[in-house]
Structure formats: structure tokens, C-alpha cells
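Please open the structure in your viewer and keep the selection tool at hand. The stops below say what to select and what is there.

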Amino acid sequence: MSERVLMKGNEAIAEAAIQAGCRYFFGYPITPQNEIPAYMSKRMPKVDGVYLQAESEVSAINMVYGAAGAGARVMTSSSGPGISLKQEGISYIAGSELPCLIVNIVRGGPGLGGIQPAQSDYFQSVKGGGHGDYRLVVLAPSTVQEAVDLTMEAFDIGDMYRIPVMVLGDGMLGQMMEPVEFKPFQGRALPAKDWATTGTRGKRKRNIVNSLYIEPQALEEKNLARLEKYRQIEQREVKYEMQDCDDADIVLVAYGTTARIVKSAMKAARREGLKVGIVRPITLWPFPAAVLHNLAETAKAFLTVEMSMGQMVEDVKLAVNGVKPVYFYGRTGGMVPAPADILEEIKKIYGGEK
Amino acid sequence: MRMDLCQEMILAGFGGQGIMFAGRLIASAGMIAEKEVSWLPSYGPEMRGGTANCHVIVSDQPVGSPIVVAPTTLVAMNRPSLDKFEDAVLSDGLLIMDSSLIDRKIKRKDIKVIKIPATRMAADMGAGKLANMIMVGQWIKETGLLSMEIVKMSLEKVVSANKQDLMDINIKALELGYQY
């Protein structure tokens with residue numbers, strides 16, 4: 001077993017990316033994720049990689065586009081406002097079917113907002129963000145260790161399906177330190193990148209990286225082929241954690257760091273004899289809809305808790321499909337829900353006040 | 001005093017007093033002792049206003065929320081920090097305060113209060129910046145959660161490679177705080 005080290009979430013994500021073979025980082029600074037580029041600027045030169053601080057987020061994401069097209073393991077990172085600037089590029093990367101990693105360490109919004117933790121970029125991450133019919137695989141770690149493991153896996157998921165992958169954290173996860181272990185990276189068996197623009201050397205037909213299809217029929221065919229890929233991902237890549245749901249009257253649904261706070265509330269509720277469980281989506285897309293749909297048979301109600309005004313709750317409602325009531329509790333703007341407040345909400349549902 | 005196996009601490013003071021470092025030292029020592037730990041810094045505008053703080057959890061259970069709402073121990077190194085967090089301390093909890101920088105009386109009657117003139121003691125030993133280590137030394141003695149040996153091992157890991165020459169004076173400050 002390798003040694004446990006105490007690391008900030010941001011630094012751990014950067015180290016995990018390097019250990020997973022990422023050798024290109026293009027970014028632009030923004031709080032609360034600055035430790036990622038700072039770490040990369042120190043480490044990349046030591047592994048013969050490229051760290052480049054671009055002149056803007058728009059530039060950084062287009063550098064990612066170029067490197068991904070050439071078959072490189074490449075990533076960028078930012079926080080809400082910077083991720084908004086990157087949306088055009090993300091759409092092009094998705095349209096060109098290229099793999100890359102985008103890390104969003106979310107802060108309160110909208111606009112420049114604040115720098116404290118938030119989950120208000122859920123819609124942007126899982127419902128498009130940029131223009132056009134496309135998806136990102138969105139991974140939501142709740143501990144620093146999970147941030148490491150998912151960052152490593154993100155590159156393989158991206159390469160396997162030729163899809164951009166997002167790791168969605170928040171300021172708390174980025175800034176906090178926890179012990180982490182870097183297990184030797186065991187990658188998946190991956191298809192060769194025979195589509196990459198690596199130079200033909202006069203020996204093969206040239207590869208073209210492109211998202212422009214003027215003929216609507218051709219574009220529809222492209223999109224439908226991509227839809228088929230998305231269906232595969234929905235079947236194979238859903239991840240979630242479920243705890244104490246067998247006898248639960250109320251199923252709590254929360255992701256990322258909020259799920260940790262919800263677990264503290266859940267423990268307190270159980271001590272008072274209240275039967276509550278939790279489903280923690282680890283992949284936000286593909287969303288673990290089936291498990292929630294099935295739980296609607298046994299649970300009496302659902303309570304979604306988020307650091308937003310109510311975003312993931314819409315996907316929970318779609319999954320539960322009106323079979324049982326779905327309630328919401330959230331804090332926004334960088335405020336973080338307290339376990340006692342969540343417990344209060346649970347009691348309100350029990351008491352019929354909601 | 002509470003002798004929990006779990007410490008949920010808030011360490012707070014001015015920026016520059018080494019609050020963050022003291023918290024990391026304890027979290028890292030907890031990790032070496034094979035406990036579950038978390039360290040969460042304040043990174044907002046408050047850092048400029050007088051209460052740079054960090055939340056540290058050392059537990060036998062996996063850490064749920066890394067945010068400490070009701071600390072078992074408050075380490076307060078200035079008046080604004082005491083004002084901000086005194087009411088939050090858990091009943092039967094512990095307050096360790098730097099009495100060379102805080103002159104007011106403590107309102108709470110249900111917590112154990114230890115006053116230690118850490119900043120003056122640090123200045124007396126010619127290491128004005130090590131009041132934080134004196135506070136940690138006193139915390140080690142008072143809680144008994146982690147041994148001095150473990151904290152010294154942690155210090156070696158937390159002190160950056162180019163500052164290893166400061167190990168001895170840090171250890172001296174830890175011991176001074178422990179002996180107070």
C-alpha cells in the first residue's frame with residue numbers, strides 16, 4: 001500500500017491527472033481552484049509535460065481542443081465564470097468527439113458571484129452549457145480521495161468514448177485537506193487513437209478534426225451516432241453510493257461535499273429513530289435515475305439537498321416521476337447548509353409540515 | 001472536560017500568526033496516528049479582517065461534514081476570534097486562548113478555559129512567530145488525543161524542505177507550550 005499524504009483537493013486533482021498520464025495543462029487563474037494551475041506549473045516541467053497559462057479562458061479551452069485533436073491527454077480547470085467562457089470550446093470539442101478533462105471547482109454565482117463553495121453550475125454541467133445537442137460525462141467527488149480516483153478515471157472514460165469529461169467539485173473540496181493515497185494507476189483497455197491528427201507521414205489518409213456539417217442530413221447522422229454512444233454511457237458508466245435506504249421513509253439525495261453534510265444529518269436523524277437513507281449520485285450525467293425510480297416504490301418521500309436554489313432536484317423529480325413527493329432544501333451564494341438545518345427539514349417532512 | 005476520541009476544532013487568529021500551519025500540523029499528526037482527519041481553511045475576505053481560521057477534525061470515524069459548527073476545542077489567538085466563536089464552543093468544551101493578546105473576560109461558564117500568554121512567551125524565547133506552536137503544545141497536553149512524539153513526526157512532514165533548519169526552535173516552542 002502506498003503512503004497516505006495530506007493534500008488539498010485542488011493539488012490532489014492535479015497530481016492525480018499527472019499520474020494518469022496527463023501531460024498538457026492549459027488554464028487561466030481563478031479562485032478557488034488556483035492550486036491546480038500552481039501545482040501544474042511546478043510539476044509538469046518535471047515530467048516533460050506542458051503547463052501553459054493562456055491569455056484567457058477562451059484561449060485555454062481552444063488549446064485543449066488542439067491538443068485533444070492531436071491525441072494528447074489534456075486538461076484545463078477553472079471555476080464558474082471561467083467555465084462559462086469556455087463553453088463555446090467545450091461544445092466544439094464535444095462536436096468533434098474529442099476526449100479531454102475539464103475541472104470546475106464551483107463558486108457562488110451568477111456573474112462574478114463570490115468565491116465560497118456552491119453547486120449552482122449543475123445545470124450548466126449536465127444540461128449542455130454550450131450550444132447544441134451534446135453531453136459531458138460529469139463526475140462529482142465528495143472526498144479528496146474520490147477526487148483523485150475520479151480524476152484518473154475521467155481520462156479513460158474520455159478516451160474510451162471520445163467525449164469531454166468534467167470533474168465537478170466546489171470551493172470546499174478544492175481548499176480542504178484530507179489524507180489521500182495514490183494507488184498505481186490501472187487504466188482501462190482503450191482503443192487506439194487512430195483518429196488523431198498526428199501527421200500522415202505520407203502513409204495514410206489524413207485525419208480531420210471538425211464539428212462543421214453544413215448538410216443537415218449529415219449532421220443528423222452524426223448526432224444520432226453520438227446519441228447511440230450516449231446510450232451506451234448511460235448503460236455502463238452510472239455511479240452512485242447508497243446508504244441505509246432499505247427501510248428508509250425519506251431518501252435524501254445529495255452530491256459532492258453536500259452529501260457529507262447530509263450524512264452527518266442522516267446520522268443525527270437515525271439517532272432520533274427517523275428512518276432516512278441517502279443516495280449520492282457520483283456521476284451527475286449519466287444520472288442514477290433507475291435507482292431513484294426503484295426507491296420510489298419503498299420510500300415515502302425524497303429530500304434533495306444542494307448548494308443551489310434547486311437544480312439537481314429536477315433530475316430527481318424526473319426519476320421519481322410523480323410517484324412520491326420530492327422536496328428540496330438548499331443554500332446559495334456560497335452559504336453551506338448545516339446538518340441541524342437539514343435535520344429540521346427531515347422533521348418537517350415527517351411532521352407533515354411540508 | 002470532554003475527553004472525546006474525536007476533536008472538532010476551530011483555530012482562529014490574525015493572518016500571519018500561523019493559524020493555518022498549526023491546523024495542518026494537528027491534522028497531519030492525526031493522519032500519522034491513523035485517525036480520520038480533515039482540514040478546512042477559511043479562504044474568504046475574512047482573512048483580511050482579523051479571523052483567519054481553520055476547521056480541523058481528528059476522529060475515529062470517517063469525517064462527514066468538514067465544517068465545524070460546534071467545536072470541542074477553540075484555539076483563539078486574538079480578540080475578534082474569541083468574539084466570533086466563543087458562543088459556538090460545545091458545552092464542556094475547551095477554550096485555549098492567547099492571554100497576551102486577549103484581555104476580556106470569558107462569558108461562558110460551561111467550558112474549560114486555559115489562558116496562556118503564548119505571544120509573550122514566544123517573544124521571550126526570541127521566536128515571536130512561534131506562538132502558534134506554544135498553543136499547539138498546550139493543546140497536546142490538555143486533550144491527550146495525540147502524543148508529543150506524533151506531533152514532532154508531523155512537524156517534519158509539514159515544515160517545508162527549505163525550512164528544516166527551523167525544526168529545533170519549533171520543537172522547543174511546542175515543548176514550552178506543553179510545559180506551561
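Select A:Asp315, which is buried, with a relative accessible area of 9%; buried means under 20% relative accessible area, exposed over 50% and partly exposed in between, using a 1.4 Å probe and protein chains only. This is a predicted model, in which local features need pLDDT of at least 70 and side-chain atom pairs count only at pLDDT 80 or more, while totals for chains, interfaces and linings use all residues. Residues are numbered from 1 along each chain as its sequence is written, chains are lettered from A and ligands numbered from 1 in the order in which they are written, and side-chain values use heavy atoms, with hydrogens and water left out.

A salt bridge here is a side-chain nitrogen of Lys or Arg within 4 Å of a carboxyl oxygen of Asp or Glu. A:Lys127 sits in the loop between α6 (122-126) and β6 (137-139) of chain A, and A:Asp315 in helix α12 (residues 312-320) of chain A, so the pair links distant parts of the chain, 188 residues apart. Helices (H or I, at least four residues) and strands (E, at least two) are DSSP runs, numbered from the N terminus. A:Lys127 counts as partly exposed, at 42% relative accessibility.

Next, select A:Glu272 and A:Lys347. A salt bridge joins their side chains, with 3.0 Å from N to O. Because A:Glu272 lies in the loop between α10 (256-271) and β11 (276-281) of chain A and A:Lys347 in helix α13 (residues 339-350) of chain A, the pair ties together parts that are 75 residues apart in sequence. A:Glu272 is partly exposed, with a relative accessible area of 45%, and A:Lys347 is partly exposed at 32%.

Select A:Glu97 and A:Lys229 for another salt bridge, in which the closest N and O atoms are 2.5 Å apart. The pair links distant parts of the chain: A:Glu97 is in the loop between α5 (87-95) and β5 (100-106) of chain A, and A:Lys229 is in helix α9 (residues 216-236) of chain A, 132 residues apart. Are these two residues buried or exposed? Both A:Glu97 and A:Lys229 are buried.

Move to A:Leu173, in helix α8 (residues 171-175) of chain A. A:Leu173 is buried, with a relative accessible area of 1%. Which residues does A:Leu173 touch, not counting those up to four places away in sequence? Among them are A:Gly9, A:Asn10, A:Pro141, A:Val144 and A:Thr257, where contact means heavy atoms within 4.5 Å. The C-alpha atoms of A:Leu173 and A:Asn10 are separated by 7.6 Å, although the two residues are 163 residues apart along the chain.

Now turn to chain B. Chain B has six helices and six strands, and from the N terminus on its elements run β-α-β-β-β-α-β-β-α-α-α-α. Along its principal axes, the C-alpha trace of chain B spans about 40 × 35 × 35 Å. Buried residues make up 57% of the 180 residues in chain B. Of the contacts in chain B with a separation of 6 or more, 58% are between residues 24 or more positions apart.
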